[in-house]
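I wanted to walk through this one with my notebook open. Here is what I looked up, in the order I looked.

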Amino acid sequence: LWGDSSSVHGLKLAACCRWSSRSTSVRRCERLGQILRLWENRRVEEYELLLRHAAAWARGRKRTLDAELVALTLRLRADHDDLPANQWPAGSAEHLMLVRWPAHGPSDSPDVDALVQSLDTLWSFLRSTGRMAAASAQPAQLRREAKKAAPKMAAACADESRFGTAKQLLG
């Protein structure tokens with residue numbers, strides 16, 4: 001119960017409503033709700049800013065970057081692997097493509113070529129702008145991983161034994 005952030009948020013909201021006087025209870029609960037929504041959206045906004053910068057960087061170098069595909073990738077990694085957008089350790093590209101995406105990504109396999117090109121652009125952007133985490137692999141190594149995993153990704157995404165519980169239930 002306590003590890004579930006939505007439960008904690010619910011408790012905070014309930015406590016706010018219970019402890020406040022009747023006249024201010026609604027205002028305080030509404031304000032707390034606004035703060036919690038802003039906090040939950042913080043990560044999305046961080047990705048949006050990062051992706052806007054990456055897209056501008058990519059346009060200037062005539063590189064491919066599918067921002068929606070990369071945003072989905074970053075959310076998958078953050079939600080299930082607890083990795084920030086700028087941390088790409090060795091093995092993480094292959095793990096994303098053959099484990100994480102099949103288990104928790106959309107039902108359909110992504111455009112694998114667009115994913116590989118977009119990730120390569122993201123990694124190059126992160127490294128060249130100094131935003132890549134120190135513990136990350138070099139973009140060339142990540143690129144090799146992605147290219148090696150690419151031919152296997154469609155089969156991995158179609159293999160129901162790789163699906164996470166939610167994906168199995170939703171079919």
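**Phenylalanine 163**

I began at phenylalanine 163, in the loop between H6 and helix H7 (165-170). The model is a predicted one, so I keep that in mind for every value below. Is phenylalanine 163 buried or exposed? Phenylalanine 163 counts as buried, because its relative accessibility is 16% and the cut-off for buried is under 20%. Next I asked what phenylalanine 163 touches once neighbours within four places in sequence are left aside. I found contacts with Pro102, Ala103, Cys157 and Gln168. I also checked phenylalanine 163 against valine 99: they are 64 residues apart in sequence, with their C-alpha atoms 8.8 Å apart in space.

**Overall layout**

I stepped back to look at the fold. I count 7 helices and 0 strands in the protein, and the pattern along the sequence reads α-α-α-α-α-α-α. The protein has 171 residues, and 40% of them count as buried. I then took the contacts between residues at least 6 apart in sequence: 65% of these join residues at least 24 apart.

**Salt bridges**

How many salt bridges does a search of the whole structure find? The search gives 4.

I looked at arginine 100 and aspartate 81, which form a salt bridge with the closest N and O atoms 2.6 Å apart. Arginine 100 sits in helix H4 (residues 92-104) and aspartate 81 in helix H3, so this pair ties together parts that are 19 residues apart in sequence. I checked the cover on both partners. Arginine 100 counts as buried at 10% relative accessibility, while aspartate 81 counts as partly exposed at 22%.

Then I went to arginine 143 and aspartate 120, whose side chains meet in a salt bridge at 2.6 Å, N to O. The pair links distant parts of the chain, with arginine 143 in helix H6 (residues 139-158) and aspartate 120 in helix H5 (residues 112-128), 23 residues apart. Aspartate 120 is buried at a relative accessible area of 15%, whereas arginine 143 counts as partly exposed at 25%. I noted which residues are linked in a network of salt bridges here: Arg63, Asp120 and Arg143.

I also wrote down aspartate 159 with arginine 162, a salt bridge with the closest N and O atoms 3.6 Å apart. Aspartate 159 counts as partly exposed at 30% relative accessibility, and arginine 162 is partly exposed too, with a relative accessible area of 37%.

**Serine 124**

I stayed in helix H5 for serine 124. Serine 124 is buried, with a relative accessible area of 13%. Which residues does serine 124 touch, not counting those up to four places away in sequence? I get Trp57, Arg63, Pro139 and Arg143.

**Positive phi values**

I checked the backbone for positive phi in residues other than glycine. Lysine 62 has a phi of about 55° and is not a glycine. Lysine 62 is found in the loop between helix H2 (22-60) and H3, and I have it down as exposed, with a relative accessible area of 77%.

Aspartate 82 also went on my list: its phi is positive, near 55°. I place aspartate 82 in the loop between H3 and H4. Is aspartate 82 buried or exposed? Aspartate 82 counts as exposed, because its relative accessibility is 68% and exposed begins over 50%.

**Surface charge**

Which residues form the negative surface patch? I find Asp66, Glu68, Asp111 and Asp113. I followed up on one of them, glutamate 68, which lies in helix H3 (residues 67-81). Glutamate 68 counts as exposed, at 68% relative accessibility.

Terms used: Residues are numbered from 1 along each chain as its sequence is written. This is a predicted model: local features need pLDDT of at least 70, side-chain atom pairs count only at pLDDT 80 or more; totals for chains, interfaces and linings use all residues. Side-chain values use heavy atoms; hydrogens and water are left out. Patches are made of residues with over 30% relative accessible area and no salt bridge: like charges are joined within 9 Å, nonpolar side chains (Val, Leu, Ile, Met, Phe, Trp, Tyr) within 5 Å. Accessible areas come from the Shrake-Rupley method with a 1.4 Å probe; for residues, only the protein chains shown count as cover. Lys and Arg count as positive and Asp and Glu as negative; His and the chain ends are not counted. The place of a charge is taken as NZ of Lys, CZ of Arg, CG of Asp or CD of Glu. Helices (H or I, at least four residues) and strands (E, at least two) are DSSP runs, numbered from the N terminus. Buried means under 20% relative accessible area, exposed over 50%, partly exposed in between (1.4 Å probe, protein chains only). Contact means heavy atoms within 4.5 Å.
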